[in-house]
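Here are my notes for you to read with the model open beside them. Take the points in order and find each residue as you go.

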Protein chains: 4
Amino acid sequence: MPELPDVPEIEFRSDVTVELVKASARDEDVVFAARVSTKGEQSLSDVASEAERSAGLIRYLMRDRHGSPFEHNSLTFFVQAPIFVFREFQRHRIASYNEESGRYRQLRPVFYVPARERALQQIGKAGHYTFEPGTDEQHELVTSEMRRVYTEAYASYQRMLDAGVAREVARAVLPVATYSSMYVTLNARSLMNFLSLRTHRADAAFPSHPQREIEMCAEQMEAFWRPLMPLTAAAFDAAGRVAP
Amino acid sequence: MPELPDVPEIEFRSDVTVELVKASARDEDVVFAARVSTKGEQSLSDVASEAERSAGLIRYLMRDRHGSPFEHNSLTFFVQAPIFVFREFQRHRIASYNEESGRYRQLRPVFYVPARERALQQIGKAGHYTFEPGTDEQHELVTSEMRRVYTEAYASYQRMLDAGVAREVARAVLPVATYSSMYVTLNARSLMNFLSLRTHRADAAFPSHPQREIEMCAEQMEAFWRPLMPLTAAAFDAAGRVAP
Amino acid sequence: MPELPDVPEIEFRSDVTVELVKASARDEDVVFAARVSTKGEQSLSDVASEAERSAGLIRYLMRDRHGSPFEHNSLTFFVQAPIFVFREFQRHRIASYNEESGRYRQLRPVFYVPARERALQQIGKAGHYTFEPGTDEQHELVTSEMRRVYTEAYASYQRMLDAGVAREVARAVLPVATYSSMYVTLNARSLMNFLSLRTHRADAAFPSHPQREIEMCAEQMEAFWRPLMPLTAAAFDAAGRVAP
Amino acid sequence: MPELPDVPEIEFRSDVTVELVKASARDEDVVFAARVSTKGEQSLSDVASEAERSAGLIRYLMRDRHGSPFEHNSLTFFVQAPIFVFREFQRHRIASYNEESGRYRQLRPVFYVPARERALQQIGKAGHYTFEPGTDEQHELVTSEMRRVYTEAYASYQRMLDAGVAREVARAVLPVATYSSMYVTLNARSLMNFLSLRTHRADAAFPSHPQREIEMCAEQMEAFWRPLMPLTAAAFDAAGRVAP
């Protein structure tokens, strides 16, 4: 086996990064959009004067699945997470994505290793399984296997780059645990759809079973969003977290 | 013919209303989204320090049709225009709409009549026609016909409502010239697509022949948008107004 | 009032036309798409051999809202309905539309008049109303008002065309009851979303209150679709007609 | 280093699999959709009788970027390619995807290794580079590095699975070169957009620089599509391969 080149900067992470880059998203945006149905051009000026009725209107829209009023807003997040998380993330088509490119830059040696509290055992079969904590042995195995494979893969990547091989070719050896970075822009309707599928809540009308790592992203996104649109977030919960 | 009920408030308009309700849209949003490809997590902090290179980057993205960086922004417009304009408008699927409802409120008697400068004659056949000014006789005819038909249609609508007929049924008689109100939210990429199809410019790479009334909306939307994203707007023009 | 020009061909309709132009849509398409998750490249060959398990799989996908397997199919409908129906129809963005153009052809004098059984009275307020049958007087009023307004509007349209006014201008006087024609192409997932919103069923999980005229389109579309994908249609009903 | 478990079935591939599962896509579908603008309900019956004019109509639609008539058709492909290809593929949002799941099944040990003819050297900088053939030494290095890393990664994956670790956790070590399987359904308009971005043609109006491996998918998809819609495909080329 060839000698490992110098890769001092390798980093193992168990978390994900979510930052709110910017937002133009308020409960009032839902209200003026909904009221245009019945108020026409007065809907914008009525928003403030009828604030006390907004909560009821938003609950009604959510419950009866009038979704479009929840689209007149925008949130941009910066996310860092492993590639296997981004693979699931980008299946959501009602959003805008720009991601770090393995063709245009050398990818950095940052890799995912599960934290001790990450459940490791899947009990039961597809559709009816639960996740249970791993044993100490399993955690040791996972940690050591992952660290070793990642280190060797990145060293191999580096050797190919050093030999003049194009980044887009050499990256083939990198694991799906490699961290990537992206900007995601979406509106609250799309975000609620994402949350309904990517968070697990026992009391949801349609329980979902997301992989824990994307749920970690979803939970942070939700934490940023809720204080911006508190009436909408409360109505979402009250409606069983079914996106309108 | 039955007596006309009292409809004193009838209004004839030759223009459209476009207001920018809110916007979160800057050239910098394009830059940070594009730079994540090559800079990863540094892309946001680099935006300011490399401002002088932004124009070149934006021109490159536009010319080579890298569209996604132009999506991380949002503009919400309030538009009042005749229904026949909204019919064309809402065929653009990458946008969010909420519109005044003829089911939930009594529509107001506001109707479109072409201004004197509106070309009235279509010369040539489909795909190769031009629009030429109308004669005085044509303008008089159009004005008198429209005013009369609108007035009678609205009176008929009012009579049916007065007799207890549901709004959603009675509105069937209203003309497509009836004004409606809506909120539209879209991003700059979608807006550029809209502008490329709904404005006529002799120097566009793909000349379009929009109906004048929707072009009036498009021109006002463009006027609001250009100062918000001046580099993007200039690059759009330079690229023959082909949306990226 | 000016003399009416000769418009012998005027037609009043109370129904809508829906034809299935073509379809590539079978329950098997759902099964192979879903099974790729667990079977990879064997999913297509397994469709037939495991037919007996398909119903259960489809019910599971529907109930747990795994929507994407319902997208690998396509249905194209030809629809003729009043413009006010098309206005609602085209708000559904996950579909492809091509429609007759009032800019490129003279629109035909075909107009909507409600049938005797069409409920005319809306009782109660927004969000809580019901529709009740109209009285004989109301029906007579509606019929006579509509026929008269339509006839006059079309005569006016004809006069403007005869005077050389462009079709796109003259059509402004035509009522939203004017029939138009379009092709609509969508997949079963999008169709179920349409049906969930545009049909009224007392037993639906999220009851909807569509205008009767678009419901007439929806019912005919559903009647064409159900025999093509009977397991999917049954699962849709069983899941409270919530689109996956 | 731990002993490798038995993984006899490991497979190295340099190609991709594309199969046309089904298609409902003909040039006639473009024609009837386009003609509804001017012919209304006669558009379907006119398709055959005016076949000789279809080529001209399709060229006109393509050149003037009237895109919607190209949407009333559907093609479903089965694709097997490395994960790094699917990552790029699934960024195209106007398509339907179902993919093999690393959560629901054990992924198979099939990995990508570039063929001898795959260019390995990227010369020049972003936006202006070319790809040049690799040297023999580079090819040997790439082949040996990749085979080794893949083999070790899969052995590690297998060890974790054997120790009872959940598939979704263990797969973190697998490289982005791992093959996956998916079904993709899209229409011709979306396909042309895909082809315009994912094939490199010197004579294209907007030259694109796709990674070779996704271009291999695109070329096979195009080869299946062209004989189904020969007039559309010819018009696409004639218009500089700009999607309408």
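1. A definition to begin with: a residue is called buried when its relative accessible area is under 20%, exposed when that area is over 50%, and partly exposed in between (1.4 Å probe, protein chains only). By that rule A:Asp29 is buried, at 0% relative accessibility.

2. Some housekeeping. This is a predicted model, where local features need pLDDT of at least 70 and side-chain atom pairs count only at pLDDT 80 or more, while totals for chains, interfaces and linings use all residues. Residues are numbered from 1 along each chain as its sequence is written, chains are lettered from A and ligands numbered from 1 in the order in which they are written, and side-chain values use heavy atoms, with hydrogens and water left out.

3. Now back to A:Asp29, which has a partner. Side chains of opposite charge can pair when their charged atoms come close. Here a salt bridge means a side-chain nitrogen of Lys or Arg within 4 Å of a carboxyl oxygen of Asp or Glu. The side chain of A:Asp29 makes one with B:Lys22, at 2.6 Å from N to O. B:Lys22 is in strand S2 (residues 17-24) of chain B and A:Asp29 is in helix H1 (residues 27-39) of chain A, so this pair joins two chains. Helices (H or I, at least four residues) and strands (E, at least two) are DSSP runs, numbered from the N terminus. B:Lys22 is buried as well, at 14% relative accessibility.

4. How many salt bridges are there over all chains? The count comes to 94. Another one to look up is D:Glu71 with B:Arg93, at 2.8 Å from N to O. This pair also crosses between chains: D:Glu71 sits in the loop between helix H3 (51-63) and strand S3 (74-82) of chain D, and B:Arg93 in the loop between helix H4 (83-89) and strand S4 (96-99) of chain B. D:Glu71 is buried, at 5%, whereas B:Arg93 counts as partly exposed, at 24%.

5. Salt bridges also turn up within a chain. B:Arg241 and B:Glu222 meet in one at 2.8 Å, N to O. B:Arg241 is in the segment after helix H9 (230-238) of chain B and B:Glu222 is in helix H8 (residues 212-225), so you'll be looking at distant parts of the chain, 19 residues apart. Both residues are buried. Over in chain A, a network of salt bridges links A:Arg201, A:Glu222, A:Arg226, A:Asp237 and A:Arg241.

6. Next, the meeting of chains C and D. With contact taken as heavy atoms within 4.5 Å, 41 residues of chain C touch 41 residues of chain D. The size of an interface is often given as the accessible area lost when the parts come together. Buried area here is the accessible area (1.4 Å probe) that two parts lose on being put together, summed over both; for C and D the figure is about 3100 Å², with 52% from carbon and sulfur atoms. On the chain C side, C:His72, C:Asn98 and C:Tyr183 lose the most area to chain D, together 21% of what that side buries.

7. What about salt bridges at this interface? The count between chains C and D is two, and one of them pairs D:Asp29 with C:Lys22 at 2.7 Å, N to O. Helix H1 of chain C gives the most to the side that touches chain D, with seven residues.

8. Finally, the rings. Rings of Phe, Tyr and Trp (its six-membered ring) pair if their centres lie within 6.5 Å; planes under 30 degrees apart count as stacked, over 60 as edge-to-face and the rest as tilted. There are 48 aromatic pairs over all chains. In one of them, the ring centres of A:Phe78 and A:Tyr183 are 5.2 Å apart and the planes are at 55 degrees, so the pair is tilted. A:Phe78 lies in strand S3 (residues 74-82) of chain A and A:Tyr183 in strand S8 (residues 179-186), so the pair ties together parts 105 residues apart in sequence. A:Phe78 is buried at 4%, and A:Tyr183 is buried at 0%.
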